[in-house]
Amino acid sequence: MTLYLFYFLSFLAIISALMVVVSKNPVNSVLFLIITFFAIAGHYVLLNAQFLAAVHIIVYAGAIMVLFLYVIMMMNFSKESEPSKTKLSQIVATVAGGIFLITLIGALHFYDVDMSPGHSDPGAGLVGALGKVLFSKFLLPFEISSLLFLAAMTGVVLLGKKNNDNS
Amino acid sequence: MQTIHNIPMNMYLLLSTVLFSIGVFGVLLRRNAIIIFMCVELMLNAVNLLFVAFSAYLGDTQGQVFVFFIMAVAAAEVAVGLAILTMIHRNTGSVDIETLNKLKH
């Protein structure tokens with residue numbers, strides 16, 4: 001049962017990831033990327049990481065994709081169509097991506113990960129267990145990430161505002 | 001829970017590899033900077049998935065904390081990157097990466 005669910009979610013993720021790359025309209029790309037993110041969230045649930053699944057949906061599908069949609073809406077792409085690359089560079093891109101994939105899969109064959117699941121703790125992916133680790137061992141990175149957010153927010157405001165003083 | 005016992009670890013490795021390669025392929029193929037940005041997000045998510053898979057198979061919570069931090073950094077990165085793209089669009093009138101060739105000799 002879970003194996004079929006895994007195959008279904010993987011199929012959905014890969015197909016919609018491909019559609020992100022090949023679809024012409026950027027809005028369609030965003031929507032397919034949201035489908036991919038939901039499939040990945042399903043994988044997280046299968047892997048017993050329920051809290052991360054919820055955070056993934058909230059952060060990615062809820063915040064980041066909305067940002068993308070807003071920017072696309074502001075730039076108003078719908079009329080102008082993106083000029084595609086030349087045939088040669090398309091072929092080169094396909095070959096390079098394919099070679100990259102084949103190289104990685106070949107490396108995986110050399111390093112055969114035959115891993116049995118460890119002591120499976122049912123509550124490992126819930127808020128309690130994660131929060132205990134986050135606020136004891138990773139307290140300093142957690143606080144530093146708030147500095148990162150402050151810097152990002154300041155940077156975005158500075159970048160985004162129209163500078164009227166120098167013309 | 002018994003869920004992960006049926007699925008071999010190699011499957012997750014394969015899935016993450018394929019998703020990452022699709023991201024690389026998209027970055028190489030497209031000219032729209034926003035699509036390229038989305039493909040970078042796809043690559044980040046492939047790595048996140050592998051992190052969670054290893055965390056579940058090793059029975060170690062720290063991998064999930066790492067994924068949490070990656071999500072935080074990705075959110076900040078998207079905000080700054082989209083602001084830069086908006087500025088590029090305001091200055092050059094498009095987000096086609098072929099127009100940004102000032103560094104090319």
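A nonpolar patch on the surface is formed by Leu5(A), Phe8(A), Leu12(A) and Ile35(A), with about 320 Å² of accessible area together. This is a predicted model, in which local features need pLDDT of at least 70 and side-chain atom pairs count only at pLDDT 80 or more, while totals for chains, interfaces and linings use all residues. Residues are numbered from 1 along each chain as its sequence is written, chains are lettered from A and ligands numbered from 1 in the order in which they are written, and side-chain values use heavy atoms, with hydrogens and water left out.

**Surface patch of chain A**
- Patch residues have over 30% relative accessible area and no salt bridge, and nonpolar side chains (Val, Leu, Ile, Met, Phe, Trp, Tyr) are joined within 5 Å; areas come from the Shrake-Rupley method with a 1.4 Å probe, and only the protein chains shown count as cover for residues.
- Helix 1 (residues 2-22) of chain A gives the most to the patch, three residues; helices are DSSP runs (H or I, at least four residues) numbered from the N terminus.

**Interface of chains A and B**
- In chain B, 72 residues are in contact (heavy atoms within 4.5 Å) with 83 residues of chain A.
- About 7,300 Å² is buried between the two chains, 76% of it from carbon and sulfur atoms; buried area is the accessible area (1.4 Å probe) lost on being put together, summed over both parts.
- Helix 1 (9-29), helix 2 (33-58) and helix 3 (62-92) of chain B each give two or more residues to the side that touches chain A, and helix 3 of chain B supplies the largest share, 24 residues.

**Salt bridge within chain B**
- Over all chains the count is one salt bridge: Arg31(B) pairs with Asp96(B), the closest N and O atoms being 2.6 Å apart.
- Arg31(B) lies in the loop between helix 1 and helix 2 of chain B, and Asp96(B) in the segment after helix 3 of chain B, 65 residues apart.

How values were computed: Patches are made of residues with over 30% relative accessible area and no salt bridge: like charges are joined within 9 Å, nonpolar side chains (Val, Leu, Ile, Met, Phe, Trp, Tyr) within 5 Å. A salt bridge is a side-chain nitrogen of Lys or Arg within 4 Å of a carboxyl oxygen of Asp or Glu.
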